[in-house]
Amino acid sequence: MCTRMAQQPLLSLPEFQSVSTGTLLVKEPLNFWGGARVKPKDTKNSEPVYEPATGRVLCDMIPCGEEEVDEAIKSAHSAYLKWSKLSGMERARFMLEAARIIRERRDEIARAEVANNGKSITEAQVDIDVAWQCIEYYAGIAPTLSGQHIQLPGGSFAYTRREPLGVCVGIGAWNYPFQIAAWKSAPAMACGNAMVFKPSPMTPVTAVMLAEIYKEAGVPDGLFNVVQGGAETGGLLCHHPMVAKVSFTGSVPTGKKIMEMAAKGVKQVTLELGGKSPLIIFKDCELENAIKGALMANFLTQGEVCCNGTRVFVQREIMPQFLEEVVKRTKAIPVGDPMCEATRMGALISKPHMEKVLGFIKQAKEQGAKVLCGGEQFVPNDPKLKDGYFVSPCVLDNCRDDMTCVKEEIFGPVMSVLPFDTEEEVLQRANNTTFGLASGVFTRDIARAHRVAENLQAGTCYINNYNVGPVEVPFGGYKMSGFGRENGQVTIEYYSQLKTVVVEMGDVESIF
Ligand SMILES: NC(=O)c1ccc[n+]([C@@H]2O[C@H](COP(=O)([O-])OP(=O)(O)OC[C@H]3O[C@@H](n4cnc5c(N)ncnc54)[C@H](O)[C@@H]3O)[C@@H](O)[C@H]2O)c1
Ligand SMILES: C[N+](C)(C)CCCC=O
């Protein structure tokens, strides 16, 4: 059991007044376009949405059909026509105000995120901070967007204009629901686009809070819209002729489908997909930091993190000390009520997902891995949590590169530990995967650190840390982990296009 934190100011929804585990019921519509929540037209395909910590139904997710998707996109388009004509400074003012409101309401949003996602309140608060920081960062970039002047012969010249794409679609995963919505909408809006965002059907609750906040900050109605739904609604968005770009976060199989659908309309795509990232720990590392890094690389958000370093390669000489300490600290992770400030690991997203994760662990044992700790369904003492989807964090030893737990993304709290002997060998093994999202190396040898970073085939390499994600830094994958980037300056390129204007100052020279 845990003590409730002091009450914070309210969102517009009465149900957020006293959110603690087992209390939230969301009855308000979760769609948002034209500057307001929109009731679903047809409730026949509704799906229950569960609170992971209790297994209780939190709300119904009612998918949007063709007519609703069309309304949302048209609403976005009309907002785009106004928003794209504002200067960067003007756009920035609205975005800074939205960031301020998020900061002010951090706790309410975090609590709703916890109720819907199951992650610990400590992590959810960080996610909300990252969300407002992202909006603030792109507000800072908006006024700097500019083109180039190119002098041509005879006084003629050309210039380039960085222009928005139009209506962008964002499709999100369930592990960082609010943060993903911010990571997509902030750069899109900074560049002058409008967005229609579809959250995961398992986490429909908080994206609409972001929509309300943008409205309160004063952006034009329709600039950021939310449609609820699953694969079918996602498909309607991808195929819609008024959509210029799709930014997708999710699994590799769905990413492939998104790319196919977008290809039909020659729409731009950003794909932020899954991973099975290597973390390499050399014997010359600062072991205390490496152990902390391995825990951060594996157990944030119950292990449901795309860039997690789940293949932990440890140089053989330090394996015993590493394992002893990592197991001791893994066993000490407080698992339980995610709303408690002392909790460090909450509940997995759903019962089927929990069963899938437990299935991976069972298979790992059958293939010869040794469970050093955890890896079981966990039932907290608090009776209200008895039907929650908790799994005790697990460390697997005796792993080999050919095991399923080492090759496939588990998306749960499971660390696979693998011994290695040489740098050359570990690089070859680390890169022997179709994924390429992230990677990490712990060593005190500065030359080795940079050599390893250069040779790892991944979109990010952490040196002597893991899973830090400042919004100033680009994030995205190599290989089948996707392409395009989120965060950092470079993301502007993925939400804008360049127009060249050529100006003749003399007479036309015609060959005809
Ligand atoms: N690289 C990243 O930044 C990043 C971040 C978070 C999660 N992920 C990845 O996401 C996966 C987990 O999330 P998930 O289970 O929600 O992924 P998922 O692929 O099942 O679903 C992601 C989103 O796609 C939608 N969708 C599903 N089928 C669709 C279709 N045919 N057309 C259009 N939309 C469709 C879903 O409704 C959901 O909103 C993991 O693989 C994880 O690594 C990647
Ligand atoms: C843990 N980070 C660095 C915040 C990345 C989260 C996005 C991936 O799931």
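How many bridges join E5 to strand E6, and in which direction do the two strands run? There are 3 bridges between E5 and strand E6 (residues 157-164), and the strands run antiparallel. Before we go further, please keep in mind that this is a predicted model.

## The three-stranded sheet

The pair E5 and E6 belongs to an open sheet of 3 strands, ordered E5-E6-E22, with antiparallel pairing. Strand E5 (149-151) and strand E22 (496-503) each have a single partner strand and stand at the edges, so one side of each is left without a neighbour in the sheet. On average, neighbouring strands here are turned by 20° against each other, direction ignored.

## The seven-stranded sheet

Another open sheet has 7 strands in the order E14-E17-E18-E13-E12-E19-E20, and its pairing is mixed. Its edge strands are strand E14 (370-373) and strand E20 (460-463), each of which pairs on one side only. Neighbouring strands of this sheet are turned by 25° against each other on average, again with direction ignored.

Within the sheet, strand E12 (residues 278-281) and strand E13 (residues 311-315) run parallel and are joined by 4 bridges.

## Surroundings of ligand 1

Now to the ligands. Ligand 1 is surrounded by 29 residues, and the closest are Gly172, Ser251, Thr254, Leu273 and Glu409. Several polar atoms of the protein approach ligand 1. A polar side-chain atom of lysine 198 is 2.8 Å from an oxygen atom of ligand 1, while an N or O atom in the side chain of tryptophan 174 lies 2.9 Å from an oxygen atom of the ligand. Leucine 273 takes part through its backbone, with an N or O atom 2.7 Å from a nitrogen atom of ligand 1. Taken alone, ligand 1 exposes 850 Å², and the protein buries 87% of that.

Which elements give two or more residues to the shell around ligand 1? They are helix H7 (231-239), strand E10 (243-249) and helix H8 (252-264). H8 gives the most, with 4 residues. By residue class, the shell around ligand 1 divides into 14 nonpolar, 11 polar and 4 charged residues.

## Surroundings of ligand 2

Around ligand 2 you will find Asn175, Tyr176, Gln179, Val305, Cys306, Cys307 and Asn467. Asparagine 175 places a polar side-chain atom 3.0 Å from an oxygen atom of ligand 2, and a polar backbone atom of cysteine 306 lies 3.2 Å from an oxygen atom of the ligand. Ligand 2 exposes 300 Å² when taken alone, of which the protein buries 90%. The residues of this shell divide into 4 nonpolar and 3 polar, with no charged residue.

## Salt bridges

Side chains of opposite charge can pair when their charged atoms come close. The structure holds 32 salt bridges. One of them joins aspartate 337 to lysine 384, with the closest N and O atoms 3.7 Å apart. Aspartate 337 lies in the loop between helix H10 (319-331) and helix H11 (351-366), and lysine 384 in the loop between strand E15 (377-378) and strand E16 (390-391), so the pair ties together parts that are 47 residues apart in sequence.

Definitions and conventions
Residues numbered from 1 in each chain as written. Chains lettered and ligands numbered in written order. Predicted model: local features only at pLDDT ≥ 70, side-chain atom pairs only at ≥ 80, totals over all residues. Heavy atoms only, no water. Near = heavy atom within 4 Å. Polar contact = N/O pair within 3.5 Å; in protein donor to acceptor, adjacent residues only side chain to side chain. Areas by Shrake-Rupley, 256 points an atom, 1.4 Å probe, with all protein chains shown as cover. Nonpolar A, V, L, I, M, F, W, Y, C, P; charged D, E, K, R; others polar. Pairing = 2+ DSSP bridges. Axes fitted to C-alpha atoms, helices over the stretch in contact; angles between N-to-C directions. Salt bridge = Lys/Arg side-chain N within 4 Å of Asp/Glu carboxyl O.
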